Amino acid sequence: MNPIVLLVDDDENVLHGLSRVLRNQPYHLFTARSGDEAIHVLKTHVVDVIVADDQMPGMSGSDLLAWVAEHCSEVRRIVLTGHATAATAIRAINEGAVFRFFTKPCDEVELAIAIREALEQRQAEARAT
Amino acid sequence: MTPSARILYMEDDQALARLIRARLGKAGYHVDVAPDGQRGLEDYAAGRHDLLLVDQSMPGLDGLGVVRALAAQGELPPTIIVTGTGDEATAVEAMRLGVSDYVIKDLAGGYLQVLPLAIGRALERARLREQKLEAEKALQRRTQQLDERVRELDCLRAVSRLLEDVDTPVSQLLDAVLALIGPAWQHPDVTCARITLDDVPQQTGNFRETPWMLRAPIVVDGRLTGALDVGYLEPRPDVDEGPFTKEEHLLLGNIADHLGRVLQRRRAQAEIRNLKQQIEFVLGATKTGLRVVDADRRVRYVDPAWQTVYGDPSGKTYAEYFGEEDAADLESRFAEAMATRRPVVTTATLPREDNRPVQRTAIPFRDDEGWMLAEVVVDISERRRMEEELAQSQKLEAIGQLAAGIAHEINTPIQYIGDNTRFLQEAFSDLMNVLAGAGELVAAARAGHKLDRALDDVDARRKEADVEYLAEEIPRAIEQSLEGVNRVAHIVRAMKEFSHPGGNQKQAVDLNKAIENTLTISRNEWKYVAELVTDFDPDLPLVPALLGSLNQAFLNLVMNAAQAIAATVGEDGSPKGILSVTTRRDGDWAEIRVRDTGCGIPRDIRERVFNPFFTTKAVGKGTGQGLAIARSVVVEEHGGSIAFESEVGRGTTFLVRLPLAPRASNPSKNQPLLSATTPVAPSSENTP
């Protein structure tokens with residue numbers, strides 16, 4: 001069964017664009033348009049990697065990743081934010097214990113590589129347990 | 001004939017003496033008899049006799065001897081010689097010595113008749129001579145007094161003339177006065193003088209303290225400042241006051257008074273000159289103008305800087321000097337200042353001085369000549385420039401604060417435009433691959449080859465490219481990318497329009513567009529907490545406005561609304577609030593309402609929200625300038641009004657009203673942007 005990567009962004013166009021460039025990668029792409037939606041997906045599917053925007057209506061990306069770190073820490077966490085501030089980054093690293101931190105616009109190849117690395121780490125960890 | 005006249009009769013013949021005494025006694029004379037010349041002289045020396053009757057022939061000292069002796073003592077008193085012998089030589093000598101008469105005793109006794117007449121004549125002559133002497137003395141005295149007076153007056157006049165000359169230095173002046181004093185005194189050659197001012201003496205070369213001094217005090221400005229001393233170096237006969245006359249004393253007092261008054265005037269003038277210099281220095285250094293006009297609109301004073309531009313103002317009316325237009329302008333301020341008796345503050349530009357902006361304060365005042373208007377003109381170009389820079393920097397600061405949000409707004413479309421473009425690049429290459437397969441199929445068919453392989457190949461390529469997926473996604477990717485490009489362009493344009501300085505002249509502004517731009521650049525501040533509802537009146541006319549300032553005011557209102565909503569939405573994850581912005585026309589006014597469903601403004605701070613520096617936000621979150629600036633922009637720069645209606649927990653609506661036609665210049669419109677302002681209490685007329 002293919003691993004699952006969850007993309008979270010409040011802007012649908014971003015989700016579409018990422019889905020197009022990542023469509024041939026060896027994983028399923030799920031998308032969510034808010035923190036609440038993402039948590040719903042996380043609760044109903046075995047997600048391996050989550051890529052989240054920071055600023056979103058309602059629950060922010062930092063809040064979401066902090067939630068993930070606490071409730072399903074095995075999910076690898078990547079930030080893709082529109083505007084990186086030191087505060088966002090510190091929070092993502094400390095509370096979200098993120099794997100990678102990207103700012104928009106980011107190179108889709110680099111993002112794809114980061115997702116792969118996260119998956120490999122995730123699988124290595126899964127095999128170890 | 002004075003009956004009381006006493007006669008001394010020197011006669012050795014006692015009988016004759018008795019006879020004559022009786023005779024003269026009848027004529028009213030009192031006669032004393034001396035028996036000889038020697039006794040006669042002694043009796044005369046006792047000094048009680050008006051006339052001497054002397055017998056020539058006496059034993060011892062004879063009559064002529066007596067006359068000689070008296071003549072040697074000084075002027076001969078009225079003297080008649082009586083002689084029995086008509087000796088001519090004796091008569092000649094007696095007359096030469098100045099006797100009054102020479103009577104010869106004739107035996108007939110006729111001389112007894114003659115004698116009283118001779119005595120009367122002699123006494124009369126003596127009296128006349130006395131009178132003449134007195135008259136001569138009086139004349140001489142009068143002449144001397146007149147001389148004195150003339151000298152005094154000459155001196156006083158010379159002193160006055162000297163003191164009128166305002167340019168001579170004081171010490172030189174005092175020397176000249178000292179030089180004039182000597183010749184005016186009775187004894188110029190022994191006169192010395194000294195003027196002491198503030199304990200510093202200045203004196204004639206020959207001055208020294210002597211026992212014969214006169215002194216007069218010099219009083220300047222009611223204060224004893226010094227003294228004028230005049231003295232004689234040597235003793236001189238006493239006259240009225242020691243050796244000095246009353247007139248000299250008076251003259252001295254007059255000169256001292258005069259000197260005091262002149263020094264007082266000189267000090268006052270020097271003070272005025274100094275003050276004027278100081279004032280003009282300060283005026284020049286601070287680029288401040290000062291002009292004074294009287295009730296006849298004549299220019300009384302203009303500062304040196306103005307004189308270099310407009311020339312000499314003397315005798316000119318304000319209109320002649322500053323021009324008709326300025327004069328008409330002044331007229332209204334003059335009238336207002338006179339009516340209110342208070343300073344009138346206005347701003348203007350000076351057309352003859354590169355249109356530099358100035359603030360004018362017209363101050364009414366009254367002096368001896370009636371009401372005047374002094375106008376202080378302060379250059380405010382620096383202030384204007386700083387205000388403009390401040391306004392611009394505040395706008396840039398606002399943009400800086402919005403930068404994070406704007407970056408997000410731009411970076412997000414850039415992200416998916418980039419992704420989509422990569423996708424299209426790959427898709428194109430995939431589709432070209434399919435097309436290449438199709439080309440080979442066509443070539444095989446034309447050549448009449450078997451087509452199975454070519455067909456399989458096209459199928460394989462189609463499958464690899466996922467043509468169905470591409471057919472569906474490519475148009476969407478293009479569409480979404482164009483949408484992203486439009487978004488970025490829109491934001492960039494809004495930013496540019498928002499931050500444009502706009503100049504300080506009002507221009508016709510499309511309020512709807514201005515508000516839309518403001519909402520666009522601030523979108524990231526409200527979009528996570530609020531749904532935006534706009535209702536713009538499409539028929540709203542253009543409004544004369546300073547676009548830059550107005551953008552700032554709108555931004556402040558929108559940011560406040562967003563923060564008010566965030567305060568309620570952020571806490572419990574409750575659904576977004578509503579930010580609603582509407583425009584409409586109300587008669588001659590454009591109305592803009594910014595409504596939020598935020599926390600509302602607590603009743604106890606409503607009075608203060610427009611005050612500069614008043615803020616309820618955490619340190620670093622708000623400067624307290626937002627609403628103060630908004631009010632300043634709307635009310636002072638545009639002559640509009642701003643008010644609000646608020647309910648705690650329900651939200652706030654700000655209503656801004658801007659006049660559609662330019663309004664008459666508001667005197668306070670050029671106050672600094674951050675000046676203290678009084679809040680406009682919401683009134684029912686202004687609130688929805």
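**Close-up views of a predicted model**

**View 1. The contact between chain A and chain B.** In this predicted model, the contact is built from 22 residues of chain B together with 19 residues of chain A. On the side of chain B that touches chain A, the elements giving two or more residues are α11 (381–447) and α13 (467–499) of chain B. Of these, α11(B) supplies the largest share of that side, with 13 residues.

**View 2. The packing of helices α2 and α3 in chain B.** Helix α2 (residues 37–46) of chain B packs against helix α3 (residues 63–73) of chain B at an angle of about 35 degrees, and their axes are 9 Å apart. The crossing in which α2(B) passes α3(B) is right-handed. Here B:G37, B:G40 and B:L41 from α2(B) meet B:G65, B:V66 and B:A69 from α3(B). The residues of this contact of α2(B) with α3(B) divide into three nonpolar and three polar, with no charged residue among them.

**View 3. Confidence along chain B and in the model.** The average pLDDT of chain B is 84, and 92% of the residues score at least 70. Over residues 664–688 of chain B, however, pLDDT stays under 50, and for this stretch the model has 46 contacts beyond four places in sequence. For the model, the scores are ipTM 0.87 and pTM 0.51.

Key
Residues numbered from 1 in each chain as written. Chains lettered and ligands numbered in written order. Predicted model: local features only at pLDDT ≥ 70, side-chain atom pairs only at ≥ 80, totals over all residues. Contact = placed C-beta atoms within 7 Å. Helix = DSSP H or I, 4+ residues; strand = E, 2+ residues; numbered from the N terminus. pLDDT = per-residue confidence, 0-100. Axes fitted to C-alpha atoms, helices over the stretch in contact; angles between N-to-C directions. Left-handed = near helix turned anticlockwise from the far one by under 90°. Nonpolar A, V, L, I, M, F, W, Y, C, P; charged D, E, K, R; others polar.
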